[in-house]
Amino acid sequence: MEITAVVVTYNRLELLKENIEALRHQSVPDLSILVVNNASTDGTKEYLDEVANNQIGVLHLEENMGGAGGFYYGMKKAYKEG
């Protein structure tokens with residue numbers, strides 16, 4: 001079974017970096033990370049585009065949908081991807 005951690009962020013770049021690093025060091029095998037960027041304006045988009053790979057997926061929203069909206073789109077994408 002594959003596990004995906006869905007992380008929603010908005011203008012918290014330094015905390016996001018810490019969060020991703022902590023998730024990458026978990027002992028869960030094959031952990032995927034999906035970061036939902038809730039239209040951040042602090043360089044988050046550029047950072048996520050740089051770190052995106054086969055473990056870290058990114059979903060950029062065009063407007064801030066709030067925490068609940070971000071998790072809705074993140075869970076929807078994670079479910080579709082299996």
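How many salt bridges does a search of the whole structure find? The search finds 4. A salt bridge here is a side-chain nitrogen of Lys or Arg within 4 Å of a carboxyl oxygen of Asp or Glu.

This is a predicted model: local features need pLDDT of at least 70, side-chain atom pairs count only at pLDDT 80 or more, and totals for chains, interfaces and linings use all residues. Residues are numbered from 1 along each chain as its sequence is written, and side-chain values use heavy atoms, with hydrogens and water left out.

Start with helix α1 (residues 13-24). Helices are DSSP runs of H or I, at least four residues, and strands are runs of E, at least two, numbered from the N terminus. An α-helix has 3.6 residues a turn, so residues three or four places apart point the same way.

Helix α2 (residues 44-51) holds lysine 45 and aspartate 49, 4 residues apart. Their salt bridge has its closest N and O atoms 3.0 Å apart.

Now turn to helix α3 (residues 66-80). Its buried residues (under 20% relative accessible area; exposed is over 50%, partly exposed in between; 1.4 Å probe, protein chains only) are Gly69, Gly70, Gly74 and Ala78. What covers them includes β1 (4-9), β2 (32-37) and β3 (56-60), where contact means heavy atoms within 4.5 Å. The face turned away carries exposed Ala68, Tyr79 and Lys80. Lysine 77 meets glutamate 81 in a salt bridge (3.0 Å, N to O). Glycine 82 follows α3, with a positive phi near 95 degrees.

Note on methods
Expected span 1.5 Å × (residues − 1).
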